[in-house]
Amino acid sequence: MCSVHDTVEFEKRGIPAAVIITEAFARAATFQFRSKGMEGHPYIELPHPISNLTAGQIREVTLRQIDALARQLTA
Amino acid sequence: MEIKGFIDPTFSAVQAKVPPARRPASLAGKVIGLLDNTKEGADIILQTIGDALVERYGAARAVIRKKEMFSKVAAPEIINEMAGEVQIAVAALGG
Amino acid sequence: MDEFEFFLEKQWSDGFPVVTPTEERVARMLAGTRAEPDQALGDIPPAMGPATVRTVAIHAVMAGCKPEYLPILLGAIPLLLRPELNLNAVQGTMGSAAPLLIVNGPYAKQVGVHGGNGCFGPGFRANASIGRAVRLMLTNLGSGIPGIGSSTVFASPLRYTACLTENMELSPWESLAVARGYAPDANVITCAMVDPPRYGFDDFSTEPGRLLTGIADSMSALNMMNMSVPRCAMVVAMCPTQARICAQAGMGRAAVVERLRELAGRPVRELRRGGTWRTERAEKLNIDFHNEDLFVPAIKHPDDLHLIVAGGLGPITAVLPGWGGGSIAVHGEYEV
């Protein structure tokens, strides 16, 4: 999907990048990274769906992934 | 290529490998670029991430950019513009 | 190794056997065009496998096409790759949309593309094999495969094949292409990303008011993406009988489209009861979520309703909703 594309474009420009997806798109994301030459690039996976959660719930599930996100973006 | 008496047109992409960008030791002082693809929830996710990376990891600040449409790739101009301003990027919401 | 097993086991197989592509069969297929085999037509997303005249011919062989169908396929590829159709996104979507090819003009008729009774179903080689060749390219070259490049929840039967023409023998109107301004002898393809047809049965209405009201109802379901997004194509295929009811009342195509656009929709009050409607959707449509009486049309842009006359005689019209993630139908002439 397009957010994977954008992530790869940042990486190509020397900018460490992460992408947040929901679990419904996990396999597609894995495929997309491979097909763009970044096989194995990690992503942050949130439970699906997001669209029917309250803002508070979205914040909560996101915060649970912050440390994992920071690890993906640092050495 | 004809093998076994017929053609196998199976396509498998052989992509040139893209090496990941070098990661910094920490996010302290870094400007975080947040790319919002306008899908429902993406803005809340990115706001949460921006705030948390500043508060907990010492990032300098976070900037949010919206894409035109979630289903399209970001215009190169948006990416180039962000790349000039940020040291770290997060894109949401995939799919 | 059994050649049929070989292809049936491919990840990109559609589950049906293919005609084994041999150099001889491909050479015969290539006789259906004057174009050079090496001519590049574009890369199919998301895997970006290249479509050349030759690779299109190979997939046409596999799908069971006749060589005379090849020009239609060669004309379809550039349309499929137009940015506004957004093939890359549709390949990966959770949704089910498939590219419907509506082929107008004399060549479609000449090679047997069918637009009469049964046109959405099995039994017509041109319809079946042209649409299938497209799908095989989307899966093989593009990797639009469930669990691989595609997150589709259900896919749809239109993802086996989706190609037809209008029923110009019985239509009271000019073709969709002519209505767009193409010459009557031009060979034109319209491509729209759509879900399978929802059929409306009306053997009672004898005048357009009641008839179109019934059709409009099936254009505005609560959980249909058309209701909730700014741009979303929709195809309405009226059978000739129902098209004639409108024509006999003095309505041309444009009048029917306009009337359907006026009728098809829901007040905010109803939209709030179920489906995808919510404040964020209202905001993107510049609609006040709290104005319960406000009528929200299903078709918000004049270019998004594509009316065709197809099918056999009878009291049925088909509504094919589009893809709500941002896909605009495309059209263009092709060479034979």
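**Close-up views of a predicted three-chain model**

**View 1. H9(C) and H11(C) form a right-handed crossing.** A crossing counts as right-handed if the near helix is turned clockwise from the far one by less than a right angle, and left-handed if anticlockwise. The model is predicted: local features need pLDDT of at least 70, side-chain atom pairs count only at pLDDT 80 or more, and totals for chains, interfaces and linings use all residues. Residues are numbered from 1 along each chain as its sequence is written, and chains are lettered from A and ligands numbered from 1 in the order in which they are written. H9(C) spans residues 208-217 and H11(C) residues 253-263; their axes come within 9 Å and cross at roughly 55°. Axes are lines fitted to C-alpha atoms, for helices over the stretch in contact, with angles from 0 to 180 degrees between N-to-C directions. H9(C) is therefore oblique to H11(C) (under 35 degrees is roughly parallel, over 145 roughly antiparallel, 65 to 115 roughly perpendicular, the rest oblique). From H9(C), Pro208(C), Leu212(C), Thr213(C), Ile215(C) and Ala216(C) meet Val256(C), Arg259(C), Leu260(C) and Leu263(C) of H11(C). Contact requires C-beta atoms, placed from the backbone, within 7 Å. By class, seven residues are nonpolar, one polar and one charged. Ala, Val, Leu, Ile, Met, Phe, Trp, Tyr, Cys and Pro count as nonpolar, Asp, Glu, Lys and Arg as charged, and the others, Gly among them, as polar.

**View 2. A hairpin in chain C joins E1(C) and E2(C).** E1(C) (residues 40-44) and E2(C) (residues 49-52) pair in the antiparallel sense over four bridges. Pairing needs at least two DSSP bridges. Helices (H or I, at least four residues) and strands (E, at least two) are DSSP runs, numbered from the N terminus. Asp43(C) has Pro50(C) as its bridge partner in E2(C). Four residues lie between the strands, and Met48(C) takes a positive phi near 65°.

**View 3. Chain A meets chain B.** The contact takes 45 residues from chain A and 40 residues from chain B. H1(A) gives the most to chain A's side, with 11 residues. That side has 27 nonpolar, 11 polar and seven charged residues.

View 4. Ile21(A) stands opposite Gly94(B).

**View 5. Chain A also touches chain C.** Nine residues come from chain A and 11 residues from chain C. H2(A) (residues 26-35) supplies the largest share of chain A's side, five residues. Six residues on that side are nonpolar, two polar and one charged.

Terms used:
Two residues are in contact if their C-beta atoms, placed from the backbone, lie within 7 Å.
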